[in-house]
Each structure stands twice: as structure tokens, then as C-alpha cells.
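Please read the following report alongside the sequence and the coordinates.

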Amino acid sequence: MKARRNKKQIPSFRKLIKTSKVKLENKLKNKQFKQQSTLKKYRKEQRKLRQAVKDAVSKKPIPLENPKEKRPGKRIEREEEEEEALPLDMMDEDDLQLMKDLGQRASFLTRDLSSSEPVHAKKRKHEHIIDKYEKIPRTLQTAPEKELIHLLPIKDKSGIIPQTREKPVTDSNKDEEDQEEERELEEEITEDPIQELTIEEHLIKRKKKLQEKKMHIAALASAILSDPESNIKKLKELRSMLMEQDPDVAVTVRKLVIVSLMELFKDITPSYKIRPLTEAEKSTKTRKETQKLREFEEGLVSQYKFYLENLEQMVKDWKQRKLKKSNVVSLKAYKGLAEVAVKSLCELLVALPHFNFHNNIIVLIVPLMNDVSKSISEMCCEAVKKLFKQDKLGQASLGVIKVISGFVKGRNYEVRPEMLKTFLCLRIKEVEVKKDTEDINKPKKFMTFKEKRKSLSRMQRKWKKAEEKLERELREAEASESAEKKLKLHTETLNIVFVTYFRILKKAQRSPLLPAVLEGLAKFAHLINVEFFDDLLVVLHTLIESGDLSYQESLHCVQTAFHILSGQGDVLNIDPMKFYTHLYKTLFKLHAGATNEGVEIVLQCLDVMLTKRRKQVSQQRALAFIKRLCTLALHVLPNSSIGILATTRILMHTFPKTDLLLDSESQGSGVFLPELDEPEYCNAQNTALWELHALRRHYHPIVQRFAAHLIAGAPSEGSGALKPELSRRSAAELFEAYSMAEMTFNPPVESSNPKIKGKVLQGDSFLNEDLNQLIKRYSSEVATELPLDFTKYLKTSLH
């Protein structure tokens, strides 16, 4: 017979070189583990065998007459590893032979020897021995007898009643080790009692703990910042401190860790989105640097995800008001933690719009914009506004707009108006600016091959080709975002914004969101499709006529209508006379007190209605508006007066014939009717601007200057002309510049020159010099009086 060839060949030297050191170590460990497990199994079987023999030998038959007699004491347990000689001299020869026979059988190792069943039912030998053990009665453990303590007896009518009490029984079977452990624990407890600290000591201890935690956070953060790729694992250690369990410093430490992690992620996050690796990329071999970068990116994304989940959980705990099992943080501290978490989310929303999980942050922030807590709501709204202002491409803005639009619709338009006011910060006008820049900076055209061949030599063509290639590469590097993509994103964003606005105009006309909608429409009206203009103007006029709107809302309606007509609506044949009439009629309803917010909207409306549409405005209408504005300037605050007079100055320049209002003589027939609501038919040409003389004596110096300038006919040059800082600024800018909202005077009030006071005689300078010297001499002298001796009077009285 041929020897069976071993299939497992010895590995060659080359194969051993290819095998990594780690693989060889693992193989060696596996081999050792198998050997150990086999050895353990063998020892276990031997132990079972010895234990079974010991049990069989040590069971001594107890006579049936005294079954309640105590059995012998516990067997001394020997160590399992030591092998001892069996007490074979105590056994009969038959018993010994049986044990030997049983030990030689293979089935002996695989069954429980303590059972009463024989090994083979057919070949039963010495059955009487097994029966002997079976007949041994099983005795239950008897309860220990109760010892009684005899107490003093009680004497009653019936006689003496003896009194007894049971003695507490101690468990004798209790292990000595357990008793020793209990003693040790008692000693420890007695040795270290709970120290009662005063408030001052407690505060000092807390301050020390907090300082240690701060140093630990700072050390981890600086290590991560110094080398993020190598120390990315320390992010996990820092994040684990979000679960701080020390109740003294838990809240403060968690807040510090939240802010530290937020700043760390802002610093170490790359400027691109990290995508997960494909299976093919994972399987390919890479360089050490690439592998290190991949590990860093994977760790960063996972830790960033867990961090965002922790922040979300903090906000949820605050909303649900559920106390945690650990009770480390009280319910009162939940709001503070949630505010810090929301602030961090807002910072990440603005700082990392390009990074992973940005959409998840948007989904968390948008519902909080409508939160009951005003501080959290304002924080989130400000973050969204900041994101809109700095978003050049429009990708992040589109994501936020989608979520806000869905949220507003889902809540049935019952949300805070601040949510829709954030739309005003969108950078949609950049589309038109981009077109203008493209027209100005037209792309450079490269020469064709035919042109080169005609005008250039062979060497020059080579140089030209290299130059063009370099120019193309530079141009691609400069163009960070595609104009087409930007235009597409802006179009989609505006569509969602207008859909939201039109839904509210149609379904929720009495909603508190209406002012924000009208303000938004006024801003983006020039981008609305021309097809919607007719319907939109009808809706706006209906809203004004309904009387349900506030003064400010109606002004927004007028502003929106004229924004539409001044943009693409120039081509439409729409007469906006009803909007002129409405503004003229409601000018005197303007609030003249501290809440003069409507003045700014009025100034914007006048600019759009009269200045920009000068060709469509008649002279009668311009005269009526100038007269009413000058009358209004008498009743409002100084900054409002300055804005209105600046608008009047612009109108007088735009419509030169309106200077007839500076003349007291009437022009044409009719009498001026100031109470009439129609500007075309109030005969404003037959009045004069007498209000300017009253304004010339106004307490504010800038109002005085404007009034004097208008009386002089608003000249551009000469003594009556305004200074450049006043003439070059628009009415709205002047209104803001001279605002008294911060309770400060602009310009500041000049301090009056102090009056030169003559010398005033004070104190002793009223008195004569001789008298002063006499007073000083007497006051400087010390009065020395002799002591009175009463003893002589006493002696005489005794005599």
C-alpha cells in the first residue's frame, strides 16, 4: 500500500515573505488556542471520572432504624488538579472489579455516573450493589430547633404568666470568606464616613473640578487642532464628555464640550463633501497617505454624525420635559443645554453648507424658527437670514426654502411672520448682475486654424497653442460655479417662494403673514412672470378696498403694485390711478409718534410712483402730492420731516413747473380743496407752501436747513444750496441717519458757554480784618480753668 500523501504542503520561502507578520501571529495564536481547548476538555473528562468514583465510594449506607441521625460532616474538597489515590482498601473486591470494568468502557466518559442506571441493561453484574445504594433513604434538611430565652414573668389575676422569646438563629453554614468580606466592608464604611461640606467648601471643590475638566477639554482640542489626521480618535474622547455624570459640573461641562466641538468641526472640516467609499475603492490597494486620509475622513464623518445626534437629543429632551434615569441634570437645566445646542446647530448651518448632513441640520432648525421660546426662534431666523445672504450659488438656500414652504403649508399658515421675512434676504438679484458682467467682460475668442496659418509662422503657432491652452485652464479654475446652474437654482427657489406667497394671498388673506407676503412681493415683483400681473393687481386692489388691512399692509400693497408696473409691467396697459388715490388719501393717517415705521414705506412708494414714473404722472398730481407732503412734515418726528422734505426737493427737481407753489398768487380758476381725496381735482395750483415758513422755525437744525433750501427754490448751487452730505443722500437714507430710535440727538446739542461769574465773597471775607484777627487770637487761646474745690464748703457745713 502506498503511503497517503499529506495534502498540506509546507509553505515556500517566497510565500512566507508575502504573508504578513500579523497573519502569522494569528495562525500561531489559533494553534495554541486549539491545543489549550483540547487539553481543557481532557482534564474535564478526567475530573468527572474521579468525582463519580469519589461519590460512589463516599456514600455510606445508613441503617433504616435511625434515619434522622446526622450524617457525617462535609467532605473535604480537594483541589481538582491534584490527583490522589482512591480509598480502594475500603472497597470490596467485587466493587473494585466493577469500577475497573466501568473505567475501561468508552461509554463511561459520555454519561452521568451519578445516575442509578447501569451501563448495559443486558449485562448486569453485581446488581445488588447498586440496589443497596438505591435503598438509602433521602432525608430532607431538618430545620434547626429554636432556642428560647426566658424573660421575667407577668403576674395576672389568673396567676403568673411566664414570658419567653426566640433566640435569633445564625446560619452556621455561612462561608467564612463571606463573613470576612462583610467585616472588611464594615471596616471600610466605618473608616470613611460621608463628609459633610459647607457651602463654601462645596463651591471651592466644584471650582477645582471645573478647572480640571476645562484643562482636559483644552488639551484634547489643541491636540486635535495641531494634527487632525493623527488625533481624530480624540474627537470620540471629547464627545464622550457630553455624557458627564458628575452632578456638580455636569451642565457646565456639557455646554463647554458642545461649543468646543462646534468650533473644532468648523476648523478641521474640509471644503468638500465626503462621500462613502465604494466596494471597488475599498478593495484596491492605496498608498499610506491616501489610506490615512480615508481613515481621517471616515472618522470625521462618523463623529460629526454622532455629535449632531447628541444635539438633537438635547433639544428633544427639553421639548418632552422627560427626566433621565441618572438624574444628573435637572429639568431646569434642560433649557440652557437646549439653547447652547441650538446655537451650535445654527453656527454649523451657516459655516458648513457644503459638508455632510447639512440637510439634516436644516430639518432640525426650520421647526425651531416657529418655536414658542422667542430667543430660540430669533436665533434660528437670524441664522437662516445669514445663510441666505452669504449663499452665492443658491444650493443651500433652495434646501431651506423647500423645508420652510412645506412647514408653512403643513401648519395651515399658522406660523410666525418672521419665518417668511427671512425670504427678503435671498440673493436672487445676482442673476441679472451676472448677465451684465458677461456683457461687459465678453469671453475672449481664440484664433481659428486658418487664421493662424495665414498670419503666423510655424513656431509662432506652437507658442500660440500653448498660450491658449494655459488661458483655458486658468479660466476653468476661476469659474468656481456655473452660471447656468446658478440661474436654474435661483429660478427654482423663486418658484417655491411665489407659490408660498400666492397660496397665502388666496387662502389666508386675514393671516398675520400677509404683511410679510406683501413685503416679499414688493421686493421680488420684477421677477414675477408677466402672465400673473393682471390677476395679482386685481387681488391687491381687492385687499385694499376690503378695509381688513392695517395701514402698513395697505402701503405694502401699493408698493407691490408699483414695483410690478415699474419692471416688466411697463408694456402692460394698466391704469394705476386707484393706487395713487389710495396713497394720497391715506397720507394723513400716518403715525406721527415713536412708531413711525410706515414713513419709510411711504418714501419708497413715492419714489416708485412719482420719480421713476415721471412720464406717466401729470403736473396736477405732482402739485397735490407736494402740498400734502409739506403739510404732513409739520406733524411728524424730525427724521420723518427730513425724509419728506428730501422727497419734496426731488419732486421739485423732477417737475420744474411745481415752483409755482412758492408764489402766493393763484394760477387758474378754482379754489384749493385740501379735504378732497382725488389729487387730480383738488386745485393744488391755487395754494402756496406756507408750511415751509413754519418749518423754518423748527427746533431741529437740519429741518430748518431743508425748509430754507426749499423756500429758495431748491437751488443746486449758491448760498441756498445744501451741503453734499445732505444733497447726495436719498430720502430713505436721511430718514435712517437722523432717526431718534436710540434716544440720541443727531446732530448733538451744542453745550452752552458758561457765564463768567464775578468774585463772590464767601465765609469770613464778609467780616472786617481787625475783627478776624481778634477772633483768631481768642480761638487759639486755650482756656485754663482751676479745678473747683468743694471740700471747704463741705467743712463749713459740718461746723
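Ala 714 lies in the loop between helix H28 (701–711) and helix H29 (724–727), and has a positive phi of about 55° although it is not a glycine. Most residues other than glycine have a negative phi.

Asn 412, in the loop between H14 and H15, also has a positive phi, near 60°, in a residue other than glycine; Asn 412 is exposed, however, with a relative accessible area of 52%.

## Basis of the values

Residues are numbered from 1 along each chain as its sequence is written, and side-chain values use heavy atoms, with hydrogens and water left out. The model being predicted, local features need pLDDT of at least 70 and side-chain atom pairs count only at pLDDT 80 or more, whereas totals for chains, interfaces and linings use all residues.

The protein chain has 32 helices and 2 strands, which are DSSP runs numbered from the N terminus (helices H or I, at least four residues; strands E, at least two). Of its 799 residues, 31% count as buried.

## Helix H12 and its buried face

In helix H12 (residues 358–368), the buried residues are His 358, Ile 361, Ile 362, Ile 365, Val 366 and Leu 368. Seen down the axis of H12, they fall within an arc of 155°, so they line one face of the helix; the arc is that of the directions from the helix axis to the C-beta atoms. On the other side of H12, Asn 359 and Val 363 are exposed.

The buried residues of H12 pack against helices H10 (288–320), H11 (332–351), H13 (374–390), H14 (395–410) and H15 (417–421), contact meaning heavy atoms within 4.5 Å.

## The pairing of H10 with H11

H10 and H11 pack at an angle of about 140°, with their axes 8 Å apart. That makes H10 oblique to H11, since angles under 35 degrees count as roughly parallel, over 145 as roughly antiparallel, 65 to 115 as roughly perpendicular and the rest as oblique. The axes are lines fitted to C-alpha atoms over the stretch in contact, and angles run from 0 to 180 degrees between N-to-C directions.

The residues of this contact divide into 13 nonpolar, 1 polar and 2 charged, with Asp, Glu, Lys and Arg counted as charged, Ala, Val, Leu, Ile, Met, Phe, Trp, Tyr, Cys and Pro as nonpolar, and the others, Gly among them, as polar.

Conventions: Buried < 20%, exposed > 50% of the residue type's maximum accessible area, 1.4 Å probe, protein only.
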